[in-house]
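Open the model in a viewer and keep the selection tool ready. The stops below take one element or pair of elements at a time.

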Amino acid sequence: MNRFWSSVVHTLTPYVPGEQPKQTDLVKLNTNENPYPPSPQALAVMAKEAAETLRLYPDPNADRLKHAIADYYGIKSQQVFVGNGSDEVLAHAFLGLLKHELPLLFPDISYSFYPVYCGLYDIAYQTIPLTDQFEIDPDDYDIPNGAIIFPNPNAPTGRLLPLSAVELLLKQHSDSVVVVDEAYIDFGGESAISLVDRYPNLLVIQTLSKSRSLAGLRVGFAVGHAELIEALERVKNSFNSYPLDRFAISGAVAAFEDKAYFEETCRRVMSTRDQLANKLTQMGFQVLPSAANFLFARHPDRDAEELAARLRERSIIVRHFKQARIDQFLRITIGTDEQTQRLIDALELILKQD
Ligand SMILES: *Cc1c(COP(=O)(O)O)cnc(C)c1O
């Protein structure tokens with residue numbers, strides 16, 4: 001207890017992000033960053049921005065970026081909200097759209113920031129267990145609720161809910177906001193953005209951190225009916241007028257314009273993912289089907305935390321969650337082909353020992 005703290009601070013349980021080690025020679029496969037650099041075009045416009053306009057405030061509405069995103073997806077710019085990483089967009093959605101009398105529903109195994117926002121904003125919630133195969137079953141959400149949120153593909157499982165099942169949820173819960181957190185959708189899934197014109201209760205959230213290699217820039221966005229977007233704008237403008245700086249706006253616009261580079265790097269990540277999944281399966285791992293830039297896998301004879309520690313000794317970091325149902329799994333980010341080979345070599349050595 002600290003007498004200078006507000007009572008809220010005493011109750012908070014903050015989110016703990018994956019480790020960002022100071023050591024630079026590690027094979028870093030723990031936080032789902034993209035192994036490829038950002039678009040060269042994005043890097044060039046950001047350098048120019050720094051030289052010319054950094055003394056001026058950025059556009060508080062980031063209109064250029066909203067238009068670029070709207071053009072990219074064939075929607076209107078009033079259907080787009082942008083924020084400082086999708087974590088910030090999520091935070092505003094929790095306060096502005098997901099706080100109701102009835103509980104917010106989300107999967108028991110899911111993005112662990114969701115319960116943290118519920119704690120921060122005092123939001124009632126209930127977790128819905130994934131099936132034994134770690135799938136979301138839309139029927140399990142047939143209970144009274146104030147709103148629903150889930151990542152698609154889910155994190156940290158990587159499993160994709162088909163768009164038809166997302167649509168079923170939207171129909172069955174037409175009085176609830178349904179937020180689909182599509183941080184990993186570009187690695188093989190079909191985005192629910194195509195449904196926003198038909199479902200006024202749908203909000204889709206995406207990020208430039210994973211598929212566009214810009215985790216360090218902090219840009220996320222939401223797409224939905226203009227009235228849902230208005231709720232997010234109200235929260236944002238009660239909190240921070242300038243969440244996106246000049247680098248973020250200009251770099252993000254250029255990243256959307258460089259579609260060829262984006263498609264090529266996504267294709268490479270998916271190809272490496274599918275090869276690694278095969279290899280791990282041959283080595284005896286159970287690998288969940290993944291539509292993301294990571295694999296979720298367990299070895300029947302090896303303790304996951306122990307495996308992670310052995311990999312770490314060999315300068316390879318992967319993510320392990322000390323959570324019921326998944327504490328025997330490792331979440332492995334897809335790296336370059338060279339990093340992936342180092343992982344495979346290390347695992348082969350480790351599995352031969354003992
Ligand atoms: C990485 C991730 C985010 C956060 O992305 P940022 O835009 O970097 O804040 C949100 N949701 C899920 C499910 C993620 O995995």
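Start by selecting residues 63-73, helix H3, together with residues 246-257, helix H8; their axes come within 9 Å and cross at roughly 15°. An angle under 35 degrees counts as roughly parallel, so H3 is roughly parallel to H8. The crossing of H3 and H8 is left-handed. Show side chains next: from H3 the contact uses Arg64, Leu65, Ala68, Ile69, Tyr72 and Tyr73, and from H8 it uses Ile249, Ser250, Ala252, Val253 and Phe256. Coloured by class, the residues of this contact of H3 with H8 come out as nine nonpolar, one polar and one charged. Keep in mind that this is a predicted model.

Move on to residues 85-97, helix H4. Its 13 residues reach 18 Å from the first C-alpha to the last, close to the 18 Å expected at 1.5 Å a residue. To see the buried residues of H4, select Gly85, Ser86, Glu88, Val89, Leu90, Ala91, His92, Ala93, Phe94 and Leu97.

Now select helix H9 (residues 259-282) and helix H11 (residues 337-352). The axes of H9 and H11 come within 11 Å and cross at roughly 10°, and H9 and H11 are therefore roughly parallel to each other. On the H9 side, pick Thr272, Leu276, Lys279 and Leu280; they meet Asp337, Thr340, Leu343, Ile344, Leu347 and Glu348 in H11. The contact of H9 with H11 has five nonpolar, two polar and three charged residues.

The crossing in which H10 passes H11 is right-handed. Leu307, Arg310 and Leu311 of H10 make the contact with Leu343, Ala346, Leu347, Ile350 and Leu351 of H11. By class, the contact of H10 with H11 has seven nonpolar, no polar and one charged residues.

For the last stop, go to Thr13, in the loop between helix H1 (7-11) and strand E1 (27-29). Is Thr13 buried or exposed? Thr13 is exposed, because its relative accessible area is 62% and the cut-off for exposed is over 50%. Finally, draw a distance from the C-alpha of Thr13 to that of Asn240: the two atoms are separated by 23 Å, and the residues lie 227 residues apart along the chain.

Definitions and conventions. Residues numbered from 1 in each chain as written. Predicted model: local features only at pLDDT ≥ 70, side-chain atom pairs only at ≥ 80, totals over all residues. Heavy atoms only, no water. Axes fitted to C-alpha atoms, helices over the stretch in contact; angles between N-to-C directions. Helix = DSSP H or I, 4+ residues; strand = E, 2+ residues; numbered from the N terminus. Parallel < 35°, antiparallel > 145°, perpendicular 65-115°, else oblique. Left-handed = near helix turned anticlockwise from the far one by under 90°. Contact = heavy atoms within 4.5 Å. Nonpolar A, V, L, I, M, F, W, Y, C, P; charged D, E, K, R; others polar. Expected span 1.5 Å × (residues − 1). Buried < 20%, exposed > 50% of the residue type's maximum accessible area, 1.4 Å probe, protein only.
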